[in-house]
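Good morning, everyone. Please bring up the model on your screens, and we will walk through it together.

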Amino acid sequence: MIDLVGPHGAHLAQIEQLLGVQIVNRGNTLVAHGEAAPEAERVLNALYARLEAGKQVDMGAIDGLIRLRDDDAEARDGDQTEMFPGPALEIRTRKKTMEPRTEAQKAYTQALLDNELTFGIGPAGTGKTYIAVAVAVSKFITGEVDRIILTRPAVEAGEKLGFLPGTQDEKVDPYMQPLYDALNDFLPGKQLAKLREEKRVEIAPLAFMRGRTLSNAFVILDEAQNATTMQMKMFLTRLGQGSRMAITGDRSQVDLPRGVQSGLRDAESILTGTEGISFNYFTATDVVRHPLVAKIITAYDAEDTRREAARAAREDRG
C-alpha cells in the first residue's frame, strides 16, 4: 500500500489530477470519488497488480497505464490489467524495463522489433530516441546484434558555438549527450565504458559514417531532420547483413541553413510504401515529458498553421 500511494501521496495525487477524481485514503482502503471513479478504481487495481508481480510503480508507469486504458474493457476478476488493450509490451535491459506509455509508442516499439528499417517522426519528448535505444540495448543483450551505433548530425541548434577545444570526442560530446543519457538509463556505467572502449557501442557524428558497411549492428540516426538529402542517402545505404536501423526526427525543428532540403522529408516522400520500411508518427498527445511540453508544442503548431494560412492568403491577393 505504501508503494501504491507513493511518497507523500504523490501517486494518488497524479491519478487525481489526470482523471479529475478525489481519492480518500482510509487505512488500507482507498476510495475514489467523482465521475471517473470507476476508471480510477481500475487504475489502482492495475497498479496494485503490478506491485504484486514485482514490478515498479512510479509516475511514468501511472501515466502509461492511464494513457493506454481501454474505456470499453471491463477488468476481469484476477486479471486487473484487462483494462488495457492487447498484451503488455516490455523491453528488458540490464538496468530497467521500458514500457510504452501511448498507443503510438506501442506501435513504434513493435515496429522496431519487427522491421529492419524504422522511422520515428514527431515532436520532442515523445520517446522516439529513448525507445529506439532501449530496443537496441535489448537486442544487444540477447545477442541478436553485435554492436550498437548511435549517430546524429553535428548541427548547431541556432547558435554559433565557434571553435571547441579538446580531442575529437570532446568536440562532439555536447552534440551526442542525449544519446549518452539514454544509454546510461539502460546499461550500467562500468559496462557501458568497457563496451565503448571495445567499440561495441559507438557514438559518432553522421559525417563519420561515410564509407562504412554496418553489419550485425543496431544503428540509430537521431535528429534526422538535420541530415541533408545526400547524408540521408549515404546513411541508409550503410545497412549491412544482420543489421537494423532506426531513424528519428522532428520535422518542426530543422536547423539546416535556409534553402537546404531536409533529408528526413526527402526520405519520407521517397520511401513511404516501401516493403520492409516502417514509418511511425507521433503528435503532442504522445509527449511524455512535463504536461506543459505538450501544450507548448500544440501552441507552436497552431501558430505555424496560422502563419502558413496568412502567407497563402497574401500570395493569392498578390
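**A helix pair and a loop residue**

Let me begin with a pair of helices: H9 and H10 are oblique to each other. Keep in mind that this is a predicted model. How do we get to oblique? The axes of H9, residues 229–236, and H10, residues 263–271, cross at roughly 60°. That angle falls between the under 35 degrees of roughly parallel and the 65 to 115 of roughly perpendicular, so the pair counts as oblique. The two axes come within 7 Å. The crossing of H9 past H10 is right-handed.

Which residues make the contact? From H9 we have Thr229, Met232 and Leu236. H10 brings Gly263, Leu264, Asp266, Ala267 and Leu271. Sorted by class, that is five nonpolar residues, two polar and one charged.

Now to a loop. Leucine 256 sits between strand S9, residues 244–249, and H10. Is leucine 256 buried or exposed? Its relative accessible area is 14%, and the cut-off for buried is under 20%, so leucine 256 is buried. What does leucine 256 touch, beyond its neighbours within four places in sequence? Gln225, Asn226, Ala227, Thr228, Gln261 and Ser262. Take asparagine 226: 30 residues away from leucine 256 in sequence, yet 5.8 Å away in space, C-alpha to C-alpha.

Finally, the whole protein. There are 11 helices and 10 strands. Of the 318 residues, 43% are buried. Among contacts with a separation of 6 or more, 69% link residues 24 or more positions apart.

Technical notes:
Residues numbered from 1 in each chain as written. Predicted model: local features only at pLDDT ≥ 70, side-chain atom pairs only at ≥ 80, totals over all residues. Heavy atoms only, no water. Helix = DSSP H or I, 4+ residues; strand = E, 2+ residues; numbered from the N terminus. Buried < 20%, exposed > 50% of the residue type's maximum accessible area, 1.4 Å probe, protein only. Contact = heavy atoms within 4.5 Å. Axes fitted to C-alpha atoms, helices over the stretch in contact; angles between N-to-C directions. Parallel < 35°, antiparallel > 145°, perpendicular 65-115°, else oblique. Left-handed = near helix turned anticlockwise from the far one by under 90°. Nonpolar A, V, L, I, M, F, W, Y, C, P; charged D, E, K, R; others polar.
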